[in-house]
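Student: I would like to learn how to read some features of a structure. Could we take them one at a time?

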Amino acid sequence: YFTRHILPEFGETNLYDIRPFDIQTYFDGLPDLSLKTQREHYNVLCALFDYAVDDDLVNLPRNPARSKHVKVRYSEKDSVIREALPSEVIRRIIEDIRALPSTERQLMALLLFTGMRRGEVLGLRWEDVDYEKRLISVRRNATYAQNQPEITTPKTENGYRKLPLYGQLIEFLGTPQKTGYIIGGKQQPITLMAYRIMFDRIRKTVNLHEATAHVFRHSYLTMMDEAGVDPKTLQYIAGHGNFSFTMNRYVHGREKAALQAGDKFEALLLNDTNKSVPRILMNGSSTA
């Protein structure tokens with residue numbers, strides 16, 4: 001957060017000149033970040049200014065991020081829902097990626113068949129894929145402060161998990177290698193620029209319906225929900241701390257499920273009614 005956002009915004013400004021208004025302007029200008037991430041930005045800013053206030057050499061008189069008179073308002077962009085792609089669109093994309101070169105096909109297959117975050121896909125090594133047990137072990141995450149990757153642990157403790165390795169995914173991945181990153185070389189994953197160039201090339205060949213890696217994650221979890229996977233298992237596959245977060249933010253198939261539930265209830269109600277209420281026949285007699 002400091003390298004990519006805070007330093008470019010405040011790096012040339014004297015600490016004494018930063019006012020609460022400038023902090024609010026910073027949040028107004030943030031890109032489309034979740035409310036949780038915006039709060040994390042705020043925590044980092046508060047900590048940095050707290051250090052400056054406590055530092056005898058700097059002796060900053062006040063922390064502008066903790067003003068008693070001006071409370072920071074977060075951007076409301078978090079309310080925008082990233083819609084999952086319909087299952088029929090996902091099926092078409094799966095068919096179309098067969099025409100892609102090997103590495104591009106592997107990248108798309110991992111995004112489509114695992115529900116992993118982009119960084120988890122780029123941080124995946126061949127050693128993490130067990131063809132015999134049909135399991136993928138999520139152990140690391142590739143992050144990008146700038147262009148070069150940095151290998152870290154998953155975002156949370158729940159990020160460590162094992163995912164199903166489907167037959168179709170095995171087909172797309174091809175013959176496994178002994179070691180190295182699946183999307184990259186033996187020593188490190190591809191750079192951020194290489195990823196963007198690769199994704200742009202894929203878009204020119206396959207109609208991705210403007211979907212990002214994050215949308216494919218949404219789509220995978222939504223299809224798992226439609227397939228009847230229970231919420232706790234969905235939570236585990238998503239790598240979240242609680243299933244309510246998974247269901248509220250990542251699963252968007254509820255309208256269809258609600259309609260199906262209504263149909264089932266109506267069918268049950270009509271069936272019971274037909275059994276219990278006598279029907280009047282044309283001749284005036286009745287039957288159960």
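Student: Is Phe10 buried or exposed?

Tutor: Buried means under 20% relative accessible area, exposed over 50%, and partly exposed in between, using a 1.4 Å probe and protein chains only. Phe10 has 11% relative accessibility, so Phe10 counts as buried. Tyr26 counts as buried because its relative accessibility is 3%. This is a predicted model, where local features need pLDDT of at least 70 and side-chain atom pairs count only at pLDDT 80 or more, while totals for chains, interfaces and linings use all residues. Residues are numbered from 1 along each chain as its sequence is written, and side-chain values use heavy atoms, with hydrogens and water left out.

Student: How many aromatic pairs does a search of the whole structure find?

Tutor: Rings of Phe, Tyr and Trp (its six-membered ring) pair if their centres lie within 6.5 Å; planes under 30 degrees apart count as stacked, over 60 as edge-to-face and the rest as tilted. The search finds six such pairs. In one of them, the ring centres of Phe10 and Tyr26 are 5.5 Å apart and the planes are at 40 degrees, so this pair is tilted. Phe10 belongs to helix α1 (residues 2-10) and Tyr26 to helix α2 (residues 20-28), so the pair ties together parts 16 residues apart in sequence. Helices (H or I, at least four residues) and strands (E, at least two) are DSSP runs, numbered from the N terminus. Phe10, Tyr26, Phe27 and Tyr42 form one aromatic cluster.

Student: Which residues of helix α4 are buried?

Tutor: An α-helix has 3.6 residues a turn, so residues three or four places apart point the same way. In helix α4 (residues 87-96), the buried residues are Ser87, Val89, Ile90, Ile93 and Ile94. They lie on the same side of α4 because they cover an arc of only 155 degrees around the axis; the arc is that of the directions from the helix axis to the C-beta atoms. Their cover includes α5, α7 (167-173) and α9 (213-226).

Student: What does Gln106 touch?

Tutor: Contact means heavy atoms within 4.5 Å. Leaving aside residues up to four places away in sequence, Gln106 touches Trp126, Phe172, Leu173, Ile182 and Ile183. Gln106 is part of helix α5 (residues 102-114) and, at 6% relative accessibility, counts as buried.

Student: How many salt bridges does the count come to?

Tutor: Side chains of opposite charge can pair when their charged atoms come close. A salt bridge is a side-chain nitrogen of Lys or Arg within 4 Å of a carboxyl oxygen of Asp or Glu. The count comes to eleven. One of them joins Arg201 to Glu104, with the closest N and O atoms 2.7 Å apart. This pair links distant parts of the chain, with Arg201 in helix α8 (residues 192-205) and Glu104 in helix α5, 97 residues apart. Arg201 is partly exposed at 41% relative accessibility, whereas Glu104 is buried at 6%.

Student: Where does the charged end of Arg125 sit?

Tutor: A charge sits over a ring if NZ of Lys or CZ of Arg is within 6 Å of the ring centre and within 35 degrees of the ring normal. The charged end of Arg125 sits over the ring of Tyr181, 4.6 Å from its centre. Arg125 also forms a salt bridge with Glu127, the closest N and O atoms being 3.1 Å apart. Arg125 counts as buried, at 14% relative accessibility, and Glu127 is partly exposed, at 39%.
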